[in-house]
Amino acid sequence: MSTIPYPTMDPALPPEAPTGSATARSLILDYLLKNGASRVADICHAVRLSRSTVHGHLLRLESAGTVRSNIPPGARARFTPYFSLSPGHAR
């Protein structure tokens, strides 16, 4: 009888993130609240969501004025923006 090993999980990472826009946004906002300005890649790794999901939510949150970036949207082509909560939007 063979056994199937359970995947090992890094205890520093949260379990697989549930799906849903509100939940994804909450995970992103909680991460930014705790960690401050961060790159998209760092947020993706921490909240365990795809880059396209995180990036899309960040753009919508930026449009709503909830988050901001150190680089304006039109100037990001060759630079890595850092996103953070906008002043007054700490949860």
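Ser 86 is buried in this predicted model, with a relative accessible area of 11%. The cut-off for calling a residue buried is under 20%, and Ser 86 therefore qualifies at 11%. Ser 86 lies in the segment that follows strand 2, residues 83–85. Which residues does Ser 86 contact, leaving aside neighbours within four places in sequence? They are Gly 65, Thr 66, Val 67 and Arg 68.

I turn now to the helices. A pair of packed helices is described by the angle between the two axes and by the distance separating those axes.

Consider helix 1, residues 21–35, and helix 2, residues 40–47. Their axes are 10 Å apart, and the packing angle is about 115°. Helix 1 is thus roughly perpendicular to helix 2. The crossing of helix 1 and helix 2 is right-handed. On the helix 1 side, the contact is formed by Leu 27, Ile 28, Tyr 31 and Leu 32; helix 2 contributes Asp 42, Ile 43, Ala 46 and Val 47. Sorted by class, this contact of helix 1 with helix 2 comprises seven nonpolar residues, one charged residue and no polar residues.

Helix 1 also packs with helix 3, residues 51–63: the two axes come within 10 Å and cross at roughly 80°. Helix 1 and helix 3 are therefore roughly perpendicular to each other. Here helix 1 supplies Ser 21, Ala 24, Arg 25, Ile 28, Leu 29 and Leu 32, while helix 3 supplies Val 54, His 57, Leu 58, Arg 60 and Leu 61. By class, the contact of helix 1 with helix 3 contains seven nonpolar, two polar and two charged residues.

Key
Residues are numbered from 1 along each chain as its sequence is written. This is a predicted model: local features need pLDDT of at least 70, side-chain atom pairs count only at pLDDT 80 or more; totals for chains, interfaces and linings use all residues. Side-chain values use heavy atoms; hydrogens and water are left out. Helices (H or I, at least four residues) and strands (E, at least two) are DSSP runs, numbered from the N terminus. Buried means under 20% relative accessible area, exposed over 50%, partly exposed in between (1.4 Å probe, protein chains only). Contact means heavy atoms within 4.5 Å. Axes are lines fitted to C-alpha atoms, for helices over the stretch in contact, and angles run from 0 to 180 degrees between N-to-C directions. Angles under 35 degrees count as roughly parallel, over 145 as roughly antiparallel, 65 to 115 as roughly perpendicular and the rest as oblique. A crossing is left-handed if the near helix is turned anticlockwise from the far one by less than a right angle, and right-handed if clockwise. Ala, Val, Leu, Ile, Met, Phe, Trp, Tyr, Cys and Pro count as nonpolar, Asp, Glu, Lys and Arg as charged, and the others, Gly among them, as polar.
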